Amino acid sequence: LLSRLSSSLAHEIKNPLQSVLGCLGLAQEMLVDRADINAYLDIAMDELENVAGIVTQLRDLGHAPEDLETEPADMNTLVERTLLLTRKHAQNKGVEVAWDPEIDLPKLILIPDRVRQVFLNLVLNAIEAMPDGGVLEVKTAATNQPEGVQVVFVDDGVGIEADRLPLIFEPFHGTRPGGMGMGLFISKTIVENHGGEITINSQPGQGTAVKVWLPVISCDKESG
């Protein structure tokens, strides 16, 4: 068990490291044109700090986030940051990203790094599900009854077999080749700790759609 957990931890740490590599690749390209690379380098530094943070996040996944620092956050900004981090990786894999944000979304009270970790995992999963390239559609929308914000990730990749879908959020049942299957388990835990919901619909050979919904009032220390 310890060996599997150690391997899973290493797998999760690879996500922000992939972001660092992507940012450094973009910075390297910009050096050719002598452009300002500070923004990419700042993001790379943030993601290196996130590596250390993931260890802490895994440690306290079983706890609700009442005692953790929350703040108002814009979902479009969190998604855009994730897409910037993964842009180089998507380009290398021949994946086109179609980003369709709804404007004037309500802000949510949440833990931004944790929610961005969810988005990062979902985007990387989608990219890896399209080994021959493809299109990843990402869009946001406000919801009513209940009031919240949803983010939808739709790829046209290989899809997930019907017998695997019921286990997709269980530990050690991953979607990525070579992965240890902790990414979706951790993502579901983070979303539910924020009072939200994550769902997956998929057909083999026809792609996968993942929907993340978070309530307008989430992680609110004053409620309950």
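Accessible areas here come from the Shrake-Rupley method with a 1.4 Å probe, and for residues only the protein chains shown count as cover. The model is predicted: local features need pLDDT of at least 70, side-chain atom pairs count only at pLDDT 80 or more, and totals for chains, interfaces and linings use all residues. Residues are numbered from 1 along each chain as its sequence is written, and side-chain values use heavy atoms, with hydrogens and water left out.

View 1. Helices (H or I, at least four residues) and strands (E, at least two) are DSSP runs, numbered from the N terminus. Their order along the sequence is α-α-β-α-β-β-α-β-β-α-β-β. The accessible surface comes to about 11,600 Å². Carbon and sulfur atoms hold 52% of that surface. Of the 224 residues, 46% are buried. Buried means under 20% relative accessible area, exposed over 50%, and partly exposed in between (1.4 Å probe, protein chains only). A contact means heavy atoms within 4.5 Å. Among contacts between residues at least 6 apart in sequence, 73% join residues at least 24 apart.

**View 2. Strand β4 between its partners β2 and β5.** Two strands pair if DSSP finds at least two bridges between them. Strand β2 (residues 95–100) runs parallel to β4 (residues 134–143), with six bridges. W99 has V138 of β4 as its bridge partner. On β5 (residues 148–155), β4 pairs in the antiparallel sense through eight bridges. Here T143 is bridged to G148 of β5. β4 and β5 make a hairpin with four residues between them. In that turn, Q145 has a positive phi of about 50 degrees.

**View 3. T140, a buried residue of strand β4.** The relative accessible area of T140 is 5%. Its side chain reaches the backbone nitrogen of E102 at 3.0 Å. Leaving aside residues up to four places away in sequence, T140 touches N76, V79, W99, D100, P101, E102, L105, Q150 and V151.

**View 4. D155, a buried residue of strand β5.** The relative accessible area of D155 is 8%. The D155 side chain reaches the backbone nitrogen of G157 at 2.8 Å. Not counting residues up to four places away in sequence, D155 touches A126, A129, M130, V135, L136, Q206, G207 and T208.

**View 5. The β6–β7 hairpin.** Strands β6 and β7 (residues 207–215) pair antiparallel over seven bridges. S202 stands opposite T208 in β7. Three residues lie between the two strands. G205, in the turn, has a positive phi of about 80 degrees. In a regular strand the side chains alternate between the two faces of the sheet. In β6 (residues 197–203), the covered face carries I198, I200 and S202. The uncovered face carries E197, T199, N201 and Q203.

**View 6. Helices α4 and α5.** Helix α4 (residues 112–128) is mostly covered, with 15 of its 17 residues buried. The expected span of a helix is 1.5 Å times one less than its number of residues. For α4 that gives 24 Å, which agrees with the 24 Å between its end C-alpha atoms. Helix α5 (residues 183–193) has G183, L184, I186, S187, T189, I190 and V191 as its buried residues. G195 follows α5, and its phi is positive, near 80 degrees.

Note on methods: Polar contact = N/O pair within 3.5 Å; in protein donor to acceptor, adjacent residues only side chain to side chain.
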